[in-house]
Structures are given as structure tokens and as C-alpha cells.
Amino acid sequence: MNIINIEHIAKVYKVGSEEVHALRDVSLKIDKNEYVAIMGPSGSGKSTLMNMLGCLDTPTSGIYDFKSFSVSEMTDNDLAKIRNKEIGFVFQTFNLLARSDAVHNVELPLIYAGIPTAERRERAKQALIDVGLEDRMHHKPNELSGGQRQRVAIARALVSNPAIILADEPTGNLDSKTGEEIMALFHDIHEKGNTIILVTHEEYIAEHALRIIRLKDGLIEKDENVERRFVPKAKVIA
Amino acid sequence: MKPIFFELNEGLAIAWRAIRANKIRAALTMLGIFIGVTAVVMMSTAIKGIDNSFQKGISALGSDVLYIDKWAWFSNDEWWKMRNRRKIEMEDFYRFKEMAKLPLAIAPVSNSRQTIKYGDRKAEGIFLTGSNADYVKTTNFTFDQGRFFSEIEGNASRNVAVIGSEISKSLFPRGDALDKTIKIGVVNFKIVGVLAEQGSVVLGPFNPDNQVFIPIGTIFKNFRSRHFGTVTINVRAANPNMVEETKAEAEGIMRKIRGLEHDEPNDFSINQQEALQEQYNSVVGVIQIAGLFITGLSLFVGAIGIMNIMFVSVKERTREIGLRKAIGAKRRTIMAQFLLESSVICLLGGLIGLIAAVILSLMLNQFFPTSIQYDVVILAIFISLLTGIISGLAPAYTAAKMDPVDALRYE
């Protein structure tokens with residue numbers, strides 16, 4: 001069964017008196033355990049599409065079904081619930097709580113899911129172990145390197161066992177070597193059966209994915225499956 | 001029920017983290033509420049204290065006592081009209097006493113202010129009350145030592161005095177006033193009685209604790225001419241149910257003594273404690289409203305401070321709010337988070353303010369009557385919580401309705 005089923009969605013923003021067609025007519029399906037990269041120059045509508053996929057925003061017209069839920073008709077509260085349970089976000093700027101340690105940052109989605117303290121502590125710690133940060137549990141973001149911060153953010157995305165991981169330029173704020181390590185981590189996460197959607201404008205980052213969707217002017221220009229060209233040098237997850 | 005408790009608990013934890021993250025800011029904001037709550041609590045304890053003291057003092061006057069006087073205590077009549085009334089003389093008192101059947105006791109009163117000395121101790125400007133032996137029956141005085149002066153002493157205008165507890169304290173710190181001879185002005189008086197504390201600061205010089213009581217004849221002999229100034233006639237009814245009848249009788253007798261025709265108005269006033277009570281209530285009512293308004297204003301300023309800082313805090317944490325929403329915080333969760341934050345700040349400020357107010361009023365109690373009420377304590381906590389919620393409402397709503405996409409992009 002498809003996790004994501006999008007049919008003819010469009011998104012129109014009003015900027016002053018002018019209408020901006022960010023997405024014109026986009027249809028796509030994403031299956032379980034796919035590794036998709038969404039590419040496109042700025043203004044192509046890839047950010048808008050990512051917001052739709054992440055249930056942060058609803059389309060102006062068209063159908064968006066996430067699993068059995070009809071996202072296009074959801075209220076704010078339902079959207080919040082689905083983001084909490086089904087989607088793990090990884091941002092370019094990490095978006096960690098500056099004054100909280102790694103464990104607290106990772107357990108945040110579980111707080112909103114209403115998981116009791118002891119259980120969520122345990123799950124947060126396990127998620128941090130999974131991304132290789134077992135010795136950085138109680139460090140605050142400013143005590144961590146960029147790569148480590150992004151690992152905390154990935155742990156936060158993984159901790160609630162979401163249906164998809166949505167990563168928006170996850171290596172954009174990292175040097176290329178650290179970026180490579182993060183992409184290796186995504187590779188492992190995908191190998192473990194997770195569904196990953198990667199938004200990027202860097203060709204060499206998109207190369208890690210197995211399917212590349214190219215957007216232009218609010219339309220899908222090209223949607224193709226690609227050969228795996230990337231094999232990580234070292235396994236990150238033991 | 002459980003999810004609400006869970007959310008409250010988590011919300012409090014988040015609020016506490018946020019407050020700890022900005023300690024100085026939170027402390028400064030708390031200061032506003034602290035001052036406001038302290039002021040409100042202090043004001044209400046002070047008002048309550050004055051009130052208690054007044055009620056205690058007024059009950060010493062007795063509710064069943066009439067004061068027949070040239071002057072009305074409180075009146076809408078113009079002052080000059082009363083000034084032109086005839087004086088009440090001792091002769092009026094004698095005739096009144098002969099004719100009145102209902103009263104329990106009748107006493108003439110004439111006052112003076114004098115300096116009182118014992119050895120090298122001195123009390124200046126002391127209120128002297130001259131009367132007869134029945135005067136004590138028109139009051140509810142209790143005695144610490146000795147007695148009131150007797151009928152014989154009164155009628156013979158002996159130089160005997162009964163002193164109030166404060167005067168006893170200042171002239172005889174060792175409490176050995178009885179049978180000592182004091183100088184009132186330049187005249188020697190022997191102390192035959194010391195009053196127990198009657199306890200009313202509010203009545204000021206009229207407070208019996210600060211008075212000296214002597215036979216009325218000695219006043220006329222030593223301190224003022226019997227024809228200078230007017231005499232008040234204190235009349236006590238036989239019991240509280242007889243006040244109205246006694247008053248009617250007194251009015252009739254006074255009119256007869258004064259030879260008033262039936263169409264002439266009274267040229268005297270019959271005053272009652274009740275009038276004092278009414279006057280007090282209206283004055284204190286105004287003080288109370290004004291005081292609470294002014295102190296309430298400082299609380300209001302504190303509330304604006306909280307609202308201001310909460311708006312700043314929401315703005316500053318826009319991205320954090322965006323992130324929290326992206327990973328699943330609902331509108332009401334975000335709303336609750338900021339409401340809890342402002343409530344915790346206010347509640348802490350209020351509690352500290354309350355403690356400060358309690359300490360301050362205990363200290364003030366040395367000079368001024370104060371009285372802490374439990375309802376004020378509960379009210380203060382309630383008010384600070386309410387302030388937190390009200391001033392947090394607008395900023396929390398701003399945070400709750402933020403669009404996660406815009407909030408995440410906010411620089």
C-alpha cells in the first residue's frame with residue numbers, strides 16, 4: 001500500500017493582491033521503504049511540496065491521502081497529531097532547543113504524544129544510541145559539533161517510529177565530510193526499512209536516493225528511479 | 001482526566017525550563033507582581049487593622065449612650081447656625097438630672113488640655129475630662145488599679161484623678177501610679193485609679209487610654225471658667241432597648257429647660273455612637289476604595305510588564321514554537337505552555353509578595369494596627385494567578401495561532 005497518494009494538488013498563495021501559484025498540478029505516489037529525493041531550483045515549488053508532504057500545510061485543491069487519512073480535509077489539531085505520529089522532520093538548521101540536552105530534545109515528540117516519562121527517556125536514549133551518540137546524551141547543542149547536532153535531530157525524527165522521514169537540506173549547514181557521514185546514516189536508516197524523503201538542490205546529495213523527482217515551475221518535470229550509486233564506506237549503525 | 005493532568009504536568013515542566021533559562025528577566029518581571037501584591041495586601045491589612053481598632057474603641061463608648069451637646073457630631077446643618085446656639089450650662093445639667101426618669105446614669109462633661117507631670121516625667125497636651133462620679137457608668141471602663149472617683153469626691157471637687165493606661169505607662173513605667181500625686185498644670189492631683197487598656201488608636205486624643213478624668217468642679221476651679229464653653233451631658237439608657245425612649249424623654253426635657261416654643265427647632269443636639277459609626281463607614285469606605293484602586297494600579301502595571309515580556313518571549317521563541325508545532329504540539333498545548341509560564345511567574349511573584357507583606361505588617365504592627373486575614377491571603381494568590389492568566393492570554397494566543405511553516409522560517 002502507498003503511504004502517500006497525491007492527486008492533482010495545487011497551492012496558491014496570495015501575496016498582496018497577486019496570486020502566486022507555488023504548485024500547479026502535482027500527482028505522485030510514495031511507497032513504503034522508498035528513498036526519494038525531491039529536487040529543483042528555488043521557486044520551483046519544492047519547499048511548498050515538502051510542507052504539504054509534511055502535513056504542515058494543506059493544498060488549495062486536489063487530494064492528499066496519507067495512509068488512510070485524508071490530509072486535505074484535516075483540521076489543525078488532526079494535522080498536529082499526524083505530524084507527531086507519522087512524520088519525522090530533519091531540518092537544515094537542526095532546530096534543537098538550545099537550553100535542553102540531547103535526551104530532552106529527542107524525547108520532545110514523545111511528550112506531545114503523551115508517553116510517560118520513564119518510557120520516553122528510555123526510547124530517547126535508544127534513539128541516540130542508534131545514531132551513534134551514546135556518549136553525548138546529556139550534552140547541550142552548543143557542546144556538540146554540527147554533525148552531532150544533526151544526529152540528535154535525526155534521533156528526534158526517528159524516536160516516534162514515523163511512517164516517513166522528511167529531511168529538508170539536511171547537509172546544507174555541514175561541511176562535505178560531515179555531510180557524507182550524515183548521508184551514510186540516512187542510508188542505514190533506509191536499509192532498516194524506513195521511508196525517506198529528501199529535499200535538496202545538490203545533485204551529489206540527491207544521488208544517495210533511489211528515486212529522484214525534479215520540480216520546475218510548480219510541476220513535476222521528471223520522476224525517475226535511479227541505480228544506487230552510493231555505497232557507504234563504513235557502517236554507522238552497529 | 002489523565003491526559004489533562006499529563007499535559008499540565010508537562011506544560012509546567014516546560015514553563016519552568018523557560019523561566020530558568022531567563023532568570024534575570026523572570027525575576028524583574030516578578031518584581032512588578034511582587035510590588036503589586038505586596039501593596040494590595042498591605043493596604044487591605046492596614047484597612048482591616050484600622051477597622052478592628054475602631055470597632056474596639058467605639059464599643060468602649062457604648063451603643064446605649066446619648067451625648068447631649070451644643071454641637072452635632074455630624075450634621076448637614078450649617079456650622080454658623082450651631083455656633084449661634086446657646087451654651088449648655090451646668091444649671092441645665094442639674095435641672096435635666098432632676099427631671100429625667102429613664103436614664104441609668106447622667107454625667108456632665110467639660111474638657112481641657114493640660115500638661116501633666118510626675119517628677120521629671122511629663123506628658124503634654126493631655127485631654128482632661130471633667131465629670132461627676134456617674135461618668136464611669138456611662139462608659140464600659142475597666143480598671144487596672146484603684147477605682148473611679150466617688151460621689152463625695154466628685155461633688156466636693158477634690159483633687160483626685162483617674163488616668164488612662166498610656167499615661168500611666170509614660171509617667172509610671174514601673175506601674176506604680178496608684179496614690180501618687182501628679183501635677184496637672186500647676187495643681188496637684190492624687191491618682192485614685194488607673195484604667196486598663198481600652199485599646200483604640202483610631203480615636204486619637206479621645207482615646208480614653210490618653211485621658212485623665214477629674215471631678216468637673218476642679219476643671220472649673222483650675223482650668224477654665226464654668227461660663228466659658230459648653231458642657232456635654234452624657235446620658236446612658238437603662239438598657240439598649242430603651243435608647244429610643246430615653247432619647248425622646250431627653251429631647252422633651254431639654255426643650256422644656258431651654259423654654260422652646262413648639263414651633264422652634266432644637267437648639268441642642270443629641271448625638272449617638274451610631275452617628276460616629278455611620279460617618280466612619282462612609283469615610284473608611286472611600287479610603288478603602290481609593291486605597292485598593294491605587295494599589296490595584298500598581299498590580300496592573302505589573303501585569304502590563306508580564307504581558308510585555310511574554311510578547312517578547314513569544315517573538316524570540318518563534319522558531320521554537322514552529323518546531324514544537326512541526327513535531328506535534330497542538331494549538332492548545334502551545335497556548336497552555338505560555339499561559340502556564342506567565343502564571344508561574346505571577347504566582348511566584350505573588351507568593352513572595354505575600355510573604356513580604358506578612359513580614360512588613362508584623363513589623364508595622366508595632367506602630368500601627370494591622371490585621372492579616374486568611375481571605376486576603378487566598379485573594380492575593382488568586383489575584384496573582386488571575387493576573388498571570390489575563391496578561392498571558394494575548395501573547396499565548398499569538399503563539400498558538402502561528403503558522404508552523406512561517407514560524408520555522410523566522411529569522
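The following dialogue discusses how to read several features of this predicted model.

Colleague: To begin with the overall content, how many helices and strands are there in chain A?

Modeller: Chain A holds 7 helices and 10 strands. Its C-alpha trace extends over about 50 × 40 × 40 Å along the principal axes.

Colleague: What percentage of the residues in chain A is buried?

Modeller: A residue counts as buried if 20 or more other C-beta atoms lie within 10 Å of its own. Of the 238 residues in chain A, 46% are buried.

Colleague: In what order do the strands of the open sheet stand?

Modeller: The sheet in chain A has 6 strands, in the order β6-β7-β8-β3-β9-β10, and its pairing is mixed. Strands β6 (87-90) and β10 (219-225) of chain A each have a single partner strand, which means that one side of each lacks a neighbour in the sheet; these are the edges. On average, and with direction ignored, neighbouring strands of this sheet are turned by 15 degrees against each other.

Colleague: Do β7 and β8 of chain A run parallel or antiparallel, and how many bridges join them?

Modeller: Strand β7 (residues 164-168) and strand β8 (residues 195-200) of chain A run parallel and are joined by 5 bridges. As one instance, A:Asp168 has A:Val199 in β8(A) as its bridge partner.

Colleague: Which strands does helix α5 of chain A lie across?

Modeller: Helix α5 (residues 146-158) of chain A lies across β6 and β7 of chain A, and runs at about 170 degrees to β6(A).

Colleague: Turning to the contact between the chains, how many residues does each chain give?

Modeller: Chain A and chain B give 19 residues each. On the side of chain A that touches chain B, the elements giving two or more residues are α2 (76-86) and α3 (102-112) of chain A. The largest share of that side, 6 residues, comes from α2(A). By type, the residues of this side of chain A are 9 nonpolar, 5 polar and 5 charged.

Colleague: Which domains are assigned in chain B?

Modeller: The domain assignment gives domain 1 (2-57 + 278-409) and domain 2 (86-267) of chain B. Taken over C-alpha atoms, the centres of domain 1 and domain 2 of chain B are separated by 53 Å.

How values were computed. Residues are numbered from 1 along each chain as its sequence is written. Chains are lettered from A and ligands numbered from 1 in the order in which they are written. This is a predicted model: local features need pLDDT of at least 70, side-chain atom pairs count only at pLDDT 80 or more; totals for chains, interfaces and linings use all residues. Two strands pair if DSSP finds at least two bridges between them. Helices (H or I, at least four residues) and strands (E, at least two) are DSSP runs, numbered from the N terminus. Axes are lines fitted to C-alpha atoms, for helices over the stretch in contact, and angles run from 0 to 180 degrees between N-to-C directions. Two residues are in contact if their C-beta atoms, placed from the backbone, lie within 7 Å. Domain bounds come from an automatic or database domain assignment. Ala, Val, Leu, Ile, Met, Phe, Trp, Tyr, Cys and Pro count as nonpolar, Asp, Glu, Lys and Arg as charged, and the others, Gly among them, as polar. A residue is buried if 20 or more other C-beta atoms lie within 10 Å of its own, exposed if 12 or fewer, and partly exposed in between; C-beta atoms are placed from the backbone.
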